[in-house]
Each structure stands twice: as structure tokens, then as C-alpha cells.
Amino acid sequence: MDLAKKYGPIAGKLSIGQYCPPRCFELAGKRFDLVMDTGEDTGDAFLNFIDETQVEWSIRGGSRQKTDKYECRKADDWTYLVTYCLEGVTPRENHTWVIDKEQNLVTFLRCPLGENPYWPYLIESHFAFGYIKEEGKEHTDLRRHGFTDDVCGTGVKWTYGHELATVHVYHSTNWYRIAYSKEKAKTEQGEEQNKQLRNLLRDLPSSDEPAFYVKIKDGMYFVSVTEQNMEKILGDKVGFRSDTLCFLDNWNRMYSVGRGFGTSTANGKDGEIYVIIGKYGAPTEVDENLFTDPIPYLV
């Protein structure tokens, strides 16, 4: 029996979620009291992990409080990516946290739909930075996770599954570009995915999309990208509507964990996108113009 032939197509159907690592349950039963003192959504916050699936949370000094189903993945021994979608809330909204137990710091990313009256599918990104309170201990360190341009000048091939890989080009502080690998895919399905990506890019002035880069610590960066321009130009022609993806990239090991959140439209009907992602990276050849071409969406 050829197990690769038997199970390969099954694994391939998982698409961007194929290499997602197992869920992490280490935070179950733990509570984190947080001081979010930098950026947006500032104020006291907490995350109370009731069990392996439910988290009670509060942000902005208690102005918002709820219990939702969470997912947790680890990027290294001390750093956790926690994400959940707000159930029963319209327009939809996703919260993602980076809990850095090594430095007792935390990053919060809030992604709501519907804030832009001209583009209702557009997802915005709001960041806050802070620290984890420790009982009986004053936090005197003023350093926080924060925005960075360290990643600029980087091109990397990210592999999500045995048939799915893309190239990310981090060319500007607040933008990124996506391309396809020059290597021929190993299967017909993989080559078809590359063809679809190439055709998609031909319909756009460029693949530039807004991006945020946050330094968590040496060798670890939190990257958030959102397909806003694709939504404005192509709308439901692609099926993916302003999807936002964020990744906790571990460059020491060249792998990453992340999540995707957004909307899919097929046959006139909208569906919800929410997927947990794992990927591994490798240096790759990138055309120099991808680092130097002007961004056509800016004056």
C-alpha cells in the first residue's frame, strides 16, 4: 500500500491548515491579569482560561467582557498564540493575543468587520501592547512589544501543506507582497493552485496589501496582513473577502503558527472563514523588483 497516494489527497484538502500543529492546552485553568498601556484598546484586561476550550475575557477596563471558545498554539517554549471569534456578535470580530511568558509581555490584535461604511467586508486591525501583572511584584520595565521594520528586505517561501506554498516579500514597513514559488509544484493540484495565484495577481495593479510587523523578541515577530486592496478591486470574484491573517513567526526555527479570519462568498452566499495555521519557511529566490517597485495604491 502506498500511504502517500492514499492519504495525500485527504491531507491536501486541509489546504492552508494542513500543517497546523496540535492544540495547546497548557493555559487551561490559568488566569492572566493584563495592563494594556500602549496603543489602542488600552486599559486593564484579563484572560481567564476556564478549561481547554473556553476563555473568559475582558478588555478596556471591563467595558467589554465575554466568554468564547479559544484556540491556542505555541511558537516556542514560552510564547503562545491565543485566538477566538466573538460568538453572537454582528459584525463579526476576532481577538488574537501573543502571550510572552518569558518577558511577561503581551500583544493584543483586535480585528472587526464593518467599520468602513464604503467597504463592509473590510477588516481592520487594532493593536495594543502591555504586560502581565504578577501578584506582589511591581512591573518596572518600560519595554513593550512594538512595531518594527526589522523584517523589511526579507523574502521567504512559506509552506502550508505538501501542495501549498507561497512567497512573502516584506518590502516596506506597512506593506507586503505575495508571489508564487518559481519551483514547479510536485503534483497537478499544486500546479493548479500556483496557476490560480498567477491569474489572480494579473488582475491587480500589484499584490501589495497592508501589513503590520511587531517584534516580540529576538528571532520572533508577529506579522499581520489583510487583503484589503483585493477586496476593493475584485470583490466576490475571488471568493475571499478581505481575509486577514496573522502569524507568530519563529525565525530561529523557521516555522510559524497563525490564524486566518474573514469571509468567503460563493454562489452569492457568504460563509465564515476561521482557520488555525502552521507553516515552515525557507529562503528563496525573489526578483529584485519585488523589493523596489513603487506601491501603486499610494500617491
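Predicted model: local features only at pLDDT ≥ 70, side-chain atom pairs only at ≥ 80, totals over all residues.

Met254 sits in the loop that runs between strand E15 (240-250) and strand E16 (255-266), and its phi is near 60°, a positive value in a residue other than glycine.

There is another residue of this kind, Asp41, which is not a glycine and yet has a positive phi of about 50°. Asp41 lies in the loop between strand E1 (31-39) and strand E2 (43-49), and, with a relative accessibility of 11%, Asp41 counts as buried. A further backbone point concerns Thr90 and Pro91, which are joined by a cis peptide bond with omega at about -5°; Pro91 belongs to the loop between strand E5 (79-85) and strand E6 (93-100).

Now let me step back to the chain as a whole. The protein chain contains four helices and 17 strands. Its radius of gyration is 19 Å, close to the 19 Å that the globule rule gives for 299 residues, so the chain is as compact as a globular protein of that length. The C-alpha trace spans about 60 × 55 × 40 Å along its principal axes, and 50% of the 299 residues count as buried. If we take the contacts between residues at least 6 apart in sequence, 54% of them join residues at least 24 apart.

As for the surface, the accessible area of the protein chain comes to about 14800 Å², with 50% of it belonging to carbon and sulfur atoms. On the charge side, there are 36 positive and 46 negative side chains, and the centres of these two sets lie 4 Å apart.

Finally, the cysteines. How many disulfides does the structure hold? The number is zero, and the distances let us follow this for particular residues. For Cys111, the closest cysteine sulfur is that of Cys246, at 6.6 Å, which is too far for a bond because a disulfide is counted only when the sulfur atoms are within 2.5 Å. Cys111 is also buried, with a relative accessible area of 0%. Cys152 is likewise in no disulfide, the nearest cysteine sulfur, again that of Cys246, being 19 Å away; at 28% relative accessibility, Cys152 counts as partly exposed.

I will stop there and take your questions.

Notes
Residues numbered from 1 in each chain as written. Heavy atoms only, no water. Helix = DSSP H or I, 4+ residues; strand = E, 2+ residues; numbered from the N terminus. Rg over C-alpha atoms; globule rule 2.2 N^0.38 Å. Buried < 20%, exposed > 50% of the residue type's maximum accessible area, 1.4 Å probe, protein only. Contact = heavy atoms within 4.5 Å. Areas by Shrake-Rupley, 256 points an atom, 1.4 Å probe, with all protein chains shown as cover. Lys, Arg positive; Asp, Glu negative; His and termini not counted. Charge placed at Lys NZ, Arg CZ, Asp CG, Glu CD.
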